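Dear colleague,

I am passing on the structure below, together with some notes on what was found in it. Please have it open beside you as you read.

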Protein chains: 2
Amino acid sequence: MSPAHSHAQPANAPLRRPVPQALLTALKIRFGVNCSTALVLREQHGRDESALAAPPPDAVVFAESTADVADAVRLASEHGVPVIPFGVGSSLEGHLLAVQGGISIDLSRMNQVLSVNAEDLTVTVQAGMTRKQVNEAVKDTGLFFPIDPGADATLGGMCATRASGTNAVRYGTMRENVLALEVVTANGEVIRTGTRARKSSAGYDLTRLMVGSEGTLGVITEVTIKLYPLPEAISAAVCSFPSIEAAMRTTIQTIQMGVPIARVELIDAHTVRMVNRHSKLTLREEPMLLMEFHGSPSSVKEQAQTVQEIATDLGGNAFEWATTPEERTRLWTARHNAYFAAIQSKPGCRAISTDTCVPISRLADCLLDSVAEADASGIPYFLVGHVGDGNFHFGYLIDPDIPQEREIAEQLNQQLVARALSMQGTCSGEHGVGLHKMDFLITEAGAGAIAMMRAIKHALDPQNIMNPGKIFKF
Amino acid sequence: MSPAHSHAQPANAPLRRPVPQALLTALKIRFGVNCSTALVLREQHGRDESALAAPPPDAVVFAESTADVADAVRLASEHGVPVIPFGVGSSLEGHLLAVQGGISIDLSRMNQVLSVNAEDLTVTVQAGMTRKQVNEAVKDTGLFFPIDPGADATLGGMCATRASGTNAVRYGTMRENVLALEVVTANGEVIRTGTRARKSSAGYDLTRLMVGSEGTLGVITEVTIKLYPLPEAISAAVCSFPSIEAAMRTTIQTIQMGVPIARVELIDAHTVRMVNRHSKLTLREEPMLLMEFHGSPSSVKEQAQTVQEIATDLGGNAFEWATTPEERTRLWTARHNAYFAAIQSKPGCRAISTDTCVPISRLADCLLDSVAEADASGIPYFLVGHVGDGNFHFGYLIDPDIPQEREIAEQLNQQLVARALSMQGTCSGEHGVGLHKMDFLITEAGAGAIAMMRAIKHALDPQNIMNPGKIFKF
């Protein structure tokens, strides 16, 4: 990567704020070897999975406790210096980039289970724990945490971006599955946003305000989440369709009939081809739905039969079953690897990922028009969708050294977002706003709602030190 | 009611704010006959279902559109005068009382459906529509809106208190079921808080911030909610237990096994007796679970069988079925009438209602200790619970003219809340804070979280005109 490219600042970005030596000294005294200014560590903490880039943070603090986070934030706050929470770096929208400089607080060492409450179907963990670590930790209880955004992200990061993924059609998103948080506020104070009660009408919903706030209102340090009983039976199926529209009608009818389908993913013909090549599969290279059913053995059977009937009626064929765990894992791994399959199809490329979500009645129209535009552009892409929720992702595969490719991809994304908004949808279903969708958010939310968000931001972070330059430009 | 009682101000209440004649004149000019200062209308809008009282608002505006609400708020804002949104008056926590005077904005005429989107399972309605009106309006689509707090409340009111009720164990609360709102802000501006997409990561969750804000951050004027397919089959069952504990263990095991039970309500022996007398039923006068199962015919059968086996194992007996709609309606009507059955058991009484919610693993302990305390106090009461969520209500039946009875009831409530908080529960599961739980909220949330809520309130309503004196004292 050329330096000019890798450090390209977004337009109108404010200057980086100075980080006084006094702060670095204070951090060194407080954190010793857990505070580093080594370039390699700073660079590692200054990027994510997006195609965006900025100069790295000025220092990295490895937090091992809530007290560590609170002290780091308090010290930064005393010097008016930005703090950027860091989990595993799997953000797709530039959330981790130090666009105004500052201190990256790495929470990945805060990965302990604090309490498992199996009878209540809840678990409280430190925010640096990843979703796979959580599931490993609770596996003996017969319970699991279903939210699966693909990446093995930390719970703190998943909260911050209001993540969801393939299981959301049945189990909801982080919005529905977080009961309470512990948060370090902009002045280094520690608060709790809720209790372990499954519902509450006691005051403003600070939990939901923090979920999706992308580190701009506080640093999440503990997370209490809902767990679910491991389904007695799981069955997965693949069905190919003559058109995207037929796959969409199958999805709509399935949802409308109240089938509690656990996953329903669209992969377009083009992407199936990449996946076949990458994962050595022989899936039919047609628009495909990849589905999963959870429940009792008889309920799973009934659900699958219903969907098979709907699909067959709409021209779906080759309804294939994956009944063993190995077969299911193979299929879902292929789905999760669609991103890597695509990246490998064009060596050296980066993916510019879209994230629109529309009411499902509009999904076929939205997809078909956007596919036509992408095909016409000549930019290669992949297309996958959590279609039960109306959310889908194009990944436009660009050569980062060819600015024109990036421009075309951004243009396609803009057209797609405009289309989604005109259909009463959103510019981001699950990745967040970050650096990449700030202008779209203004269009989507409108001036009044943005003013309200900014008023909240200003009230809770008057110095604008909490992950500044994300969600809002300044 | 003696005037001294009926106008008792809460301790430390600030003085009523003056309502300038200029504002009343401006409202009269703008709203004509839809603005009234008649005492009978003001009194009707100055009370709710709680045992609390305050002098009535200074005027009532009957809004017929969002523009009406916006103009009323703007005029009030220009004079620094409070506004209090009013739906049907079914609040239980004093939300509607004009403790600082001001203008009651009655939204009950805003009861139109704005758009039904059956394919997307959403409907958008004006905020003055009641939940029964919504269900009537969508009944031809094969869909329904499940949230049922008992009262036929307006959707705006249900949003404002983050209401839930008997179906929440399966379908969630208003928190999970509102997609987007239109809100009139404190300066009379109209904003939208979301889109019709089923999920979004685009900016702060203003929808969830408004849901549960009790009119203190804005007036909700439109509501977009999720609908659900009417279950193909519904079956209800009643089961009596030798003890509350056995009923609780049955509930916990049912939830833990992942049975998607739609309703599971506890009625204690004592309350069953009142219900029998009031609704002319012959239910066994023992702790009782009233349950409902939704799904396909075979799934409903399977769910019910599983629960029956669990219940029998734990000493439950007389598992009785209500298979016809008439029988089911009779049972649920009896449950909904528990409140009225109790009220009628002590002529002239009012109920002081509790609303704690605890993790279900602690529910039996919480209930048993609280029942013992209530029995020892000599104050009659009823006890019902949405036990699948850990939420239950004592209604202490007091004579409003005997201050000592109120004191004893408040003391019982205090002990109950302290117990719930010590069990990681909440002071309010679904009724809201209102005037009645402000001190409890401080204990529950802690100083830091309260400071954050107050900062948000101040940022969005700097004049403190939006339903002032609720949630926070001033």
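This is a predicted model: local features need pLDDT of at least 70, side-chain atom pairs count only at pLDDT 80 or more; totals for chains, interfaces and linings use all residues.

Domain 1 of chain A covers 113–229, and domain 2 of chain A covers 233–422. Where these domains touch, domain 1 of chain A contributes seven residues and domain 2 of chain A contributes 11 residues. On the side of domain 1 of chain A that touches domain 2 of chain A, there are two nonpolar, four polar and one charged residues.

Turning to the pair of chains, chain B can be laid on chain A with an RMSD of 0.0 Å by a turn of 180 degrees, with a shift of 0.0 Å along the axis, which is the relation of a two-fold axis.

As for how the chains meet, 78 residues of chain B are in contact with 78 residues of chain A. Several elements of chain B give two or more residues to the side that touches chain A, among them α10 (244–256), α12 (297–313) and α17 (438–460), and the one that gives the most is α17(B), with 13 residues. By class, this side of chain B holds 31 nonpolar, 31 polar and 16 charged residues. Because 100% of the interface residues of chain B are also interface residues in chain A, the copies meet through the same surface.

With best wishes

Definitions and conventions. Residues are numbered from 1 along each chain as its sequence is written. Chains are lettered from A and ligands numbered from 1 in the order in which they are written. Copies are superposed by least squares on the C-alpha atoms of residues with pLDDT of at least 70 in both. Two residues are in contact if their C-beta atoms, placed from the backbone, lie within 7 Å. Domain bounds come from an automatic or database domain assignment. Ala, Val, Leu, Ile, Met, Phe, Trp, Tyr, Cys and Pro count as nonpolar, Asp, Glu, Lys and Arg as charged, and the others, Gly among them, as polar. Helices (H or I, at least four residues) and strands (E, at least two) are DSSP runs, numbered from the N terminus.
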